[in-house]
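Dear colleague,

Please find below the structure that I am handing over to you.

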Amino acid sequence: MMRSIRRYVGRSQLLDRAMTHIAKYGPLWLFLVMGVVAVQGGKQELVAVLLALLAATLTRGLNELIGRLYFRTRPFVAEGFKPLLEHRPSASFPSNHSACGFALAVSVWWLVPIVGAVMLIMAGILALSRVYVGLHYPSDVTLGAMLGASVALLLTKAIFP
């Protein structure tokens, strides 16, 4: 699966640059969307943003714990290639970017579905970009996304039974 995603690396400078930008700055774009929602929206939108921040924080902590219990070498280290985005050879599993991106998106989606749907697409592209640039395996981003979405759903159900 990883080879099928990474086979396009180097074929298009535009695609390589776009995916590198998304892999590095994708979380900031998600926060930008949430900032606009918080400022332009009403009470429900503000609650959605606060819920998303809490879900992402919990997800990040859980992700760090899992990464310490199960260390997986990053693909560029294990397979000996230079990634498109410089990164230290830390744990690859699960992907923090993917987990937190989906925690943010699912939380917002629950209370502001249209914006949340856009954020889910953005989180999906972010996860794909992390594989494309060589920082994660597909299973790292898939399980990260599942973890982030699960935390967001459980937290939402706990707060809004």
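The model is a predicted one. The account is arranged around helix α5, which spans residues 96–111.

Helix packing around α5

I begin with α3, which covers residues 43–69. The axes of α3 and α5 come within 8 Å of each other and cross at roughly 155°. Angles over 145 degrees count as roughly antiparallel, and α3 and α5 are therefore roughly antiparallel to each other. The crossing of α3 past α5 is right-handed. On the α3 side, the residues that meet α5 are Gln44, Val47, Ala48, Leu51, Ala52, Leu53, Ala55, Ala56, Thr59, Arg60, Asn63 and Glu64. Their counterparts in α5 are Asn96, Ala99, Cys100, Ala103, Leu104, Ser107, Val108 and Leu111. By class, this contact of α3 with α5 comprises 13 nonpolar, 5 polar and 2 charged residues.

Helix α2 (13–40) also packs on α5. The angle between α2 and α5 is about 20°, and their axes lie 10 Å apart. Because of that angle, α2 is roughly parallel to α5. The crossing of α2 and α5 is left-handed. Ala23, Pro27, Leu30, Phe31 and Met34 of α2 make the contact with His97, Gly101, Leu104 and Val108 of α5. The residues of the contact of α2 with α5 are 7 nonpolar and 2 polar, with no charged residue.

From α5 the contact involves Ser98, Ala99, Phe102, Ala103, Val106, Ser107 and Trp110. From α7 it involves Val141, Gly144, Ala145, Gly148, Ala149, Ala152, Leu153, Thr156 and Lys157. The contact of α5 with α7 divides into 10 nonpolar, 5 polar and 1 charged residues.

A cis peptide bond

The peptide bond from Phe93 to Pro94 is cis, with omega near -20°. Pro94 is placed in the loop between α4 (75–78) and α5.

Pockets

The largest pocket holds about 280 Å³ of space. Its lining consists of 18 residues, and Glu64, Arg74, Ser90, Ala91 and Asn96 lie nearest the centre. Both α3 and α5 supply at least two residues of this lining, and α3 gives the most, with 5 residues. The lining of the largest pocket has 3 nonpolar, 9 polar and 6 charged residues.

The second largest pocket has a volume of about 200 Å³. It is lined by 13 residues, of which Pro27, Phe31, Arg60, Asn96 and Cys100 lie nearest its centre. At least two lining residues come from each of α2, α3 and α5, and the largest share, 5 residues, is from α5. By class, the lining of the second largest pocket has 8 nonpolar, 4 polar and 1 charged residues.

Asn96 is listed among the residues nearest the centre of the largest pocket and among those nearest the centre of the second largest pocket. Pro27 and Phe31, named for the second largest pocket, belong to the contact of α2 with α5.

Yours sincerely,

A colleague

Definitions and conventions:
Residues numbered from 1 in each chain as written. Predicted model: local features only at pLDDT ≥ 70, side-chain atom pairs only at ≥ 80, totals over all residues. Heavy atoms only, no water. Axes fitted to C-alpha atoms, helices over the stretch in contact; angles between N-to-C directions. Helix = DSSP H or I, 4+ residues; strand = E, 2+ residues; numbered from the N terminus. Contact = heavy atoms within 4.5 Å. Nonpolar A, V, L, I, M, F, W, Y, C, P; charged D, E, K, R; others polar. 1 Å grid on protein atoms, 1.4 Å probe; cavity = no way out; pocket = protein on both sides within 12 Å on 5 of 7 lines; lining within 4 Å. Points joined across faces, edges and corners; volume = space filled by probe spheres on them. Parallel < 35°, antiparallel > 145°, perpendicular 65-115°, else oblique. Left-handed = near helix turned anticlockwise from the far one by under 90°.
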